[in-house]
Amino acid sequence: MGVILSFFGTASSRLVGLAIALAVWLLSRPGGWAVLVVLVLFGLRVFPNPPE
């Protein structure tokens, strides 16, 4: 069980690191901030807040 949990922990930390690196790279490009805004809005549309 520990091996599975450590695998998910490693995979999630790599995904977060990759997302941060991609965001920094996009912000350094002209018009990259617009791509980030579109991705955030898309993410909010696909994964809405759970009902209260």
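Helices are DSSP runs of H or I with at least four residues, strands are E runs of at least two, and both are numbered from the N terminus. This is a predicted model: local features need pLDDT of at least 70, side-chain atom pairs count only at pLDDT 80 or more, and totals for chains, interfaces and linings use all residues. Residues are numbered from 1 along each chain as its sequence is written, and side-chain values use heavy atoms, without hydrogens and water.

**Whole chain**

Show the C-alpha trace. The C-alpha atoms fill a box of roughly 45 × 35 × 10 Å along the principal axes. Of the 52 residues, 6% are buried (under 20% relative accessible area; exposed is over 50%, partly exposed in between; 1.4 Å probe, protein chains only).

**Helix H2**

Select residues 32–46, which are helix H2. Val40 is found here.

**Phe7 and Phe8**

Move to Phe7 and Phe8. Are their planes stacked, edge-to-face or tilted? Rings of Phe, Tyr and Trp (its six-membered ring) pair if their centres lie within 6.5 Å; planes under 30 degrees apart are stacked, over 60 edge-to-face, the rest tilted. One aromatic pair is counted by this rule. The centres of Phe7 and Phe8 are 5.7 Å apart and the planes stand at 55 degrees, so this pair is tilted. Colour by accessibility next. Phe7 is exposed, at 55% relative accessible area. Phe8 is exposed too, at 51%.
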